[in-house]
Amino acid sequence: MTQAQRDAIVALCSEVFKLDYAFYMNLGLPSVHVLGYLGERLAAHALWLTRRLRIGSGPWLDAAYVEGVATHADFRGRGYGSAVMRRLQAEVGGFDLVALSPSDAGWYERLGWVRWRGPLVIVKDGVAQATPDDEVVVYRTPRTGDLDLSAPLTGGWRPFELW
Ligand SMILES: CC(C)(COP(=O)(O)OP(=O)(O)OC[C@H]1O[C@@H](n2cnc3c(N)ncnc32)[C@H](O)[C@@H]1OP(=O)(O)O)[C@@H](O)C(=O)NCCC(=O)NCCS
């Protein structure tokens, strides 16, 4: 990714999320970005990073965790956000599961995502803590087996939004 592309992502996501997105870009987390351009202009963005997730007492899964889903206000409602998500969804088939915390779960449901119904749990230093105020939607890949959507879904702690 070029510096100009990084700058455009920071500008777009800072404006959309009303925060300094450079903080997240500078965390140095390995991530893959999907960029949707209208001509020269970055219109929409999403990224995934890898995250270990656990369903119930099952094994830890290699998941793609999606962040930064954003369409610039000038370009909303024209399918750009959906196009970026469909491309992302086409690229993450090698993961056991894909997940994200939505601000509007209905928007993701039309793209094939399903709401996690069970409790959400974060583990920090071996201590599990429920996060009842959060919401997660998941997307199945060819590697995803049967999913018990009512089981606890556990993720490791991280030093920013837990989900
Ligand atoms: C969410 C967001 C990325 C959507 O991007 P977008 O480019 O405007 O979305 P699209 O144009 O691809 O999608 C519009 C479609 O979604 C549908 N839609 C919108 N909200 C919906 C909902 N709650 N349930 C079902 N469908 C919904 C619209 O009816 C439209 O459908 P159509 O194409 O059949 O007419 C954009 O609004 C945004 O950046 N919001 C602020 C940041 C944000 O909330 N990001 C998500 C964080 S998890």
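Predicted model: local features only at pLDDT ≥ 70, side-chain atom pairs only at ≥ 80, totals over all residues.
Colleague: Thanks! What share of the contacts with a separation of 6 or more joins residues 24 or more positions apart?

Modeller: Take the contacts in the protein whose separation is 6 or more. Among these, residues 24 or more positions apart account for 63%.

Colleague: Which pattern do the helices and strands follow along the sequence?

Modeller: The protein has four helices and nine strands. Read along the sequence, their order is α-α-β-β-β-α-β-α-β-β-β-β-β.

Colleague: And what is the radius of gyration of the protein?

Modeller: The C-alpha atoms fill a box of roughly 45 × 30 × 25 Å along the principal axes. For 163 residues the globule rule gives 15 Å, and the protein comes close to that, so it is as compact as a globular protein of that length. Its radius of gyration is 16 Å.

Colleague: How many residues does the largest nonpolar core have, and which element gives the largest share?

Modeller: In soluble globular proteins, nonpolar side chains tend to be buried together. Here, the largest nonpolar core has 39 residues, and Ala46, Ala63, Val66, Val98, Ala99 and Val138 have the most contacts inside it. The elements giving two or more residues to this core include helix H1 (3–17), helix H2 (22–25) and strand E4 (97–100). The largest share, eight residues, comes from E2.

Colleague: Which residues does Ala46 touch, leaving out those up to four places away in sequence?

Modeller: Ala46 is one of the residues with the most contacts inside the core. With residues up to four places away in sequence set aside, Ala46 touches Val34, Val66, Gly68, Val69, Val84, Met85 and Leu88.

Colleague: Let's turn to H3. Which strands do its buried residues pack against?

Modeller: H3 has 12 residues and reaches 17 Å from its first C-alpha to its last, close to the 16 Å expected. Its buried residues are Tyr80, Gly81, Val84, Met85, Leu88 and Gln89. They pack against strand E1 (31–38), strand E2 (41–55), E3 and strand E8 (137–139).

Colleague: Which residues come nearest to the ligand?

Modeller: By class, the shell around the ligand has seven nonpolar, seven polar and four charged residues. Of the 18 residues around the ligand, the nearest are Thr71, Arg76, Gly81, Ser82 and Gly106.

Colleague: Is His33 buried, exposed or partly exposed?

Modeller: His33 lies in strand E1. Leaving aside neighbours within four places in sequence, His33 is in contact with Met1, Ile9, His45 and Leu47. A residue is buried with 20 or more other C-beta atoms within 10 Å and exposed with 12 or fewer. His33 has 17, so it is partly exposed.

Colleague: How far apart in space are His33 and Ile9?

Modeller: In sequence, His33 and Ile9 are 24 residues apart. In space, C-alpha to C-alpha, their separation is 9.1 Å.

Colleague: Which residues does Glu135 touch, not counting those up to four places away in sequence?

Modeller: Glu135 is in the loop between strand E7 (127–130) and E8. With 16 other C-beta atoms within 10 Å, Glu135 is partly exposed. Not counting residues up to four places away, Glu135 touches Ser101, Pro102 and Ala105.

Colleague: What is phi of Lys18 near?

Modeller: Most residues other than glycine have a negative phi. Lys18 lies in the loop between H1 and H2, and it is exposed, with 8 other C-beta atoms within 10 Å. Its phi is a positive value, near 55°.

Methods:
Residues numbered from 1 in each chain as written. Near = placed C-beta within 6 Å. Nonpolar A, V, L, I, M, F, W, Y, C, P; charged D, E, K, R; others polar. Expected span 1.5 Å × (residues − 1). Contact = placed C-beta atoms within 7 Å. Rg over C-alpha atoms; globule rule 2.2 N^0.38 Å. Core = buried A, V, L, I, M, F, W, Y, C linked by C-beta atoms within 7 Å.
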